[in-house]
Amino acid sequence: MNALPRAVDLDLIGCRMCGLVCRNVPGNVKLDGDGVDDAMACPRCGSTLRRRKTNSYARTWALLIAGFLLYIPANVLPIMRTASLNDIDDNTIISGVVELWNNGSADLAVIVFTASIVVPMLKFLSLGMLLVSSQRGSDWARPQRARLYRLVEFIGYWSMLDVFVVALLTALVRFSVLSRVEPLPGVIFFGLTVVLTMLASMSFDPRLIWDGRSNDD
Amino acid sequence: MATAARNTDCLHAHSSDALLICEHCDTVYRRRPLARGEVARCVRCGAELDRHRALSANALLALILTAMIVFVQANIWPIFTLGLNGQFSATTLWGMIVTMWEQGAQVVAVLAAATLFFFPMTKMLVMGWLLWFARLGRRAPGFAPLMVALHRVGPWTMSEVFVLGALVAIVKAHTYFEVVADPGIYAYGALTLLITIFAGVDMRQLWEQTPEPKA
Ligand SMILES: [Zn+2]
Ligand SMILES: [Zn+2]
Ligand SMILES: [Zn+2]
């Protein structure tokens, strides 16, 4: 027996909801992340006990790809329109960052760039890499991959930043014909991208990183 | 404990050898008492397993009540005001949500209402309710479903992102308008601070701290 036994080896299941450790009857629940479990309820909180999140690979792939597809119009389409007496200006995510930079707020430009561009890209790349490597049962850099997953999970929701900026400016810049801000479709695509990528990282099961062929670590 | 559901045995808290499973890699540990401020980490994957409970139910409840008062303030006061040629324009959180709805961005309006109002409010009310009873050494009515709801709502509260968003919006607007910060933004700032404090609290400790009702 390994020095660090896993619940799988001991026929135990930890409840995702309340943390209760329960004993599983061997062979009752399949291990492959795609297995449909028999309904076993946690005796303490009533949630269904699962060795791995249901359909983790398929769900995560689907949500990640959907998120990526929406991320394209989110960047290409303008997210807001600023209209003044003699000028109409449509802003994309990137042009908003450039504007901040040019107006002397380099620090905020970096923050917005990170939240709107770096974090979503990091999510697509990291989750894609985690999915591929885990599906192959790779034992490459497992502790680092585990840490990467926790990072993605932790920072994901900060991408909503630009959506709130557009919402606030829309609500505030309302000086009839003098100056107005209106939301444009890009911001909707962007909001949906953030939701989908958050759902994607939630449906990925980090335990799959450790489920590969070899047990040495 | 004989609350055995089909095919499961309950192995937890009633015995001193309670086990702990790392949620991130499935490694099994024996639960051990932690020193003040100590955080137990998984040896295999580095995820946090357990942390010392620095705050009592009483202290937590006080924190939640404070957060609720601040939350109400953050929602009723304008966030900031813009001025242009003697005209002024201010908005509250709900003003923002309604404007987005009217401007055709209903998706954004719903997202903002959920992540900035309904989910944070649900979280605070549920935590307050559970802690009120935990203080009396009991499980609140609806304990199990409420604990599950709390767990699900957790990742979807975004007040702290909104504060940063307000800051960015102020800087952007400052180029063209007069900007006056209103009480709402300060309330949001305070709320973020409080949220950071109780973000580290694992409410799941209530499962162990309160006795199971006899089935
Ligand atoms: Zn449970
Ligand atoms: Zn029990
Ligand atoms: Zn672990």
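1. Let's start with a metal site in chain B. The zinc ion (ligand 3) is held by Cys22(B), Cys25(B), Cys42(B) and Cys45(B), each giving its SG atom, at 2.2 to 2.4 Å. A donor here is an N, O or S atom within 2.8 Å of the metal (3.2 Å for Na, K and Ca); water is not among the atoms, so sites may look incomplete. Along the chain, the spacing of these donor residues reads C-x2-C-x16-C-x2-C.

2. Why is the arrangement around the zinc ion (ligand 3) called tetrahedral? Because its 4 donor atoms subtend angles of 101 to 116 degrees, and four donors count as tetrahedral if all angles lie between 85 and 135 degrees. For comparison, the ideal angle for four tetrahedral donors is 109.5 degrees.

3. A word on what you're looking at. This is a predicted model, where local features need pLDDT of at least 70 and side-chain atom pairs count only at pLDDT 80 or more, while totals for chains, interfaces and linings use all residues. Residues are numbered from 1 along each chain as its sequence is written, chains are lettered from A and ligands numbered from 1 in the order written, and side-chain values use heavy atoms, leaving out hydrogens and water.

4. Now chain A. The zinc ion (ligand 1) has Cys15(A), Cys18(A), Cys42(A) and Cys45(A) as its protein donors, again through SG, at 2.2 to 2.4 Å. Its site is tetrahedral too, with angles of 101 to 115 degrees among the 4 donor atoms. The spacing for this ion is C-x2-C-x23-C-x2-C.

5. Next, where the chains meet. Chain A puts 76 residues into the contact and chain B 74, contact meaning heavy atoms within 4.5 Å. About 6600 Å² is buried between them, 71% of it from carbon and sulfur atoms; buried area is the accessible area (1.4 Å probe) that two parts lose on being put together, summed over both.

6. How many salt bridges cross the interface of chain A and chain B? The rule (a side-chain nitrogen of Lys or Arg within 4 Å of a carboxyl oxygen of Asp or Glu) finds 2. Asp26(B) and Arg52(A) form a salt bridge, with N to O at 3.0 Å.

7. Finally, inside chain A, an automatic or database assignment gives domain 1 (1–51) and domain 2 (54–210). Their contact takes 6 residues from domain 1 of chain A and 9 from domain 2 of chain A.

Terms used: Four donors count as tetrahedral if all angles lie between 85 and 135 degrees; four count as square planar and six as octahedral if opposite donors are over 155 degrees apart and all others between 65 and 115; anything else is irregular.
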